Amino acid sequence: MTRSALFSAALLALIPISAAAERLSDVAQLDVLTGWREPSGRHIAAVRIRLAPGWKTYWRAPGDAGIPPDFSFEGARNMSGVAWHWPTPQIFETSGMRSVGYADQVVLPVEITPGGPGEIDFAGSVQVGICKDICIPAFFEFSAVLPDGGDRDASIVAALVDRPMTAEEAGVGGVTCRFAPLEDGLRLTAEVEMAPIGAQELAVVEAGPGIWVSEPDVTRAGGTLSVSADLVGAQVLDRSEVRLTLLADGQGVDIKGCDAG
């Protein structure tokens with residue numbers, strides 16, 4: 001188990017499961033926005049999580065103090081592919097540890113490739129962490145029929161617009177990275193040629209399943225942003241698997257892959 005997972009498990013262990021269940025309906029609700037069918041045949045829907053004031057939940061890469069969402073699709077029908085579109089997250093500081101996620105409400109658009117024509121049974125479950133002064137596990141089951149048609153939903157459209165920019169959209173130039181061996185993994189140093197996107201730029205690094213990533217150090221020298229992090233559990237890493245998300249002032253840039261530095 002990674003250091004991040006151990007920390008998350010310790011947080012969840014603070015709350016008895018029965019107490020968590022009693023409190024869950026008061027602090028979090030999940031529903032499905034059924035969305036619309038695109039001319040391409042793909043269907044755009046969304047999962048919406050609404051939280052009581054002061055509560056938050058987590059992004060796909062939640063940081064040291066977060067718990068990643070875990071979706072499964074038991075009972076789904078006419079679904080051959082699923083792609084999530086994550087809105088730009090916020091950074092939270094909790095007891096000196098950083099987490100990445102959303103406060104109050106998040107709409108997570110999902111692009112579904114049907115297995116064939118007709119309606120889609122969008123069904124399954126998700127486990128997320130929700131936190132305020134304490135963290136509790138939240139397990140939701142969902143089921144909705146997605147029509148072969150439907151109208152564009154303003155909430156889904158807004159969430160799609162609120163995604164991080166691509167590297168091309170942000171005017172990113174070269175992206176290089178190099179690795180140095182550590183006793184339990186690798187040290188990543190990436191350099192990104194790009195203009196500032198805000199006053200205090202932060203980074204999230206993803207390097208693949210089973211790899212724990214330390215909180216990155218971020219520095220800037222003119223038009224170059226440097227990002228360094230420890231990748232615990234990584235022995236050999238394909239540079240195409242490195243994913244950097246740069247965040248500042250409510251904006252984000254999503255960079256996939258890097259060249260040799």
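Which residues touch the most other members of the largest nonpolar core? F122, I130 and F140 do, in a core of 34 residues.

## Ground rules

This is a predicted model, in which local features need pLDDT of at least 70 and side-chain atom pairs count only at pLDDT 80 or more, while totals for chains, interfaces and linings use all residues. Residues are numbered from 1 along each chain as its sequence is written, and side-chain values use heavy atoms, with hydrogens and water left out.

## Two nonpolar cores

A nonpolar core here is a set of buried Ala, Val, Leu, Ile, Met, Phe, Trp, Tyr and Cys residues joined through side-chain atoms within 4.5 Å. Buried means under 20% relative accessible area, exposed over 50%, and partly exposed in between (1.4 Å probe, protein chains only). In the largest core, F122, I130 and F140 touch the most other members. The elements giving two or more residues to this core are α2 (17-27), β1 (28-37), β2 (43-51), β3 (56-63), β7 (97-103), β8 (105-114), β9 (120-131) and β10 (135-146). These labels are DSSP runs numbered from the N terminus: helices are H or I with at least four residues, strands are E with at least two. The largest share, six residues, comes from β10.

Take a closer look at F122: leaving aside residues up to four places away in sequence, its contacts (heavy atoms within 4.5 Å) include V32, V47, F73, M79, W84 and V110. A second, separate core has 27 residues, among them L186, L188, V192 and A203.

V32 has V47 as its bridge partner in β2, and F122 touches both V32 and V47. Five residues lie between the two strands of this hairpin, and G41 in the turn has a positive phi of about 100°.

You will find E201 in the loop between β13 (185-193) and β14 (202-206). With 12% relative accessibility, E201 counts as buried. Its side chain makes a polar contact of 2.8 Å with the side chain of R220. A polar contact is a pair of N or O atoms within 3.5 Å; within protein, one must be able to donate a hydrogen and the other to accept it, and residues adjacent in sequence count only if both atoms are side-chain atoms. A polar atom of the E201 side chain also lies 3.0 Å from the backbone nitrogen of I197.

Strand β14 belongs to an open sheet of four strands, ordered β11-β19-β18-β14 with mixed pairing. The edge strands, β11 (165-166) and β14, each pair on one side only. Five bridges link β14 to the antiparallel strand β18 (residues 243-248), and V204 stands opposite T245 in β18.

## Two disulfides

A search of the whole structure finds two disulfides, each a pair of cysteine sulfur atoms within 2.5 Å. C131 and C135 are joined with S to S 1.8 Å, and both are buried. Their S-S torsion is about 115°, so this disulfide is right-handed.

The other disulfide joins C177 to C258 (S to S 1.8 Å). C177 lies in β12 (residues 175-182) and C258 in the loop between β19 (251-256) and β20 (259-260), so the pair ties together parts that are 81 residues apart in sequence.

Terms used
Pairing = 2+ DSSP bridges.
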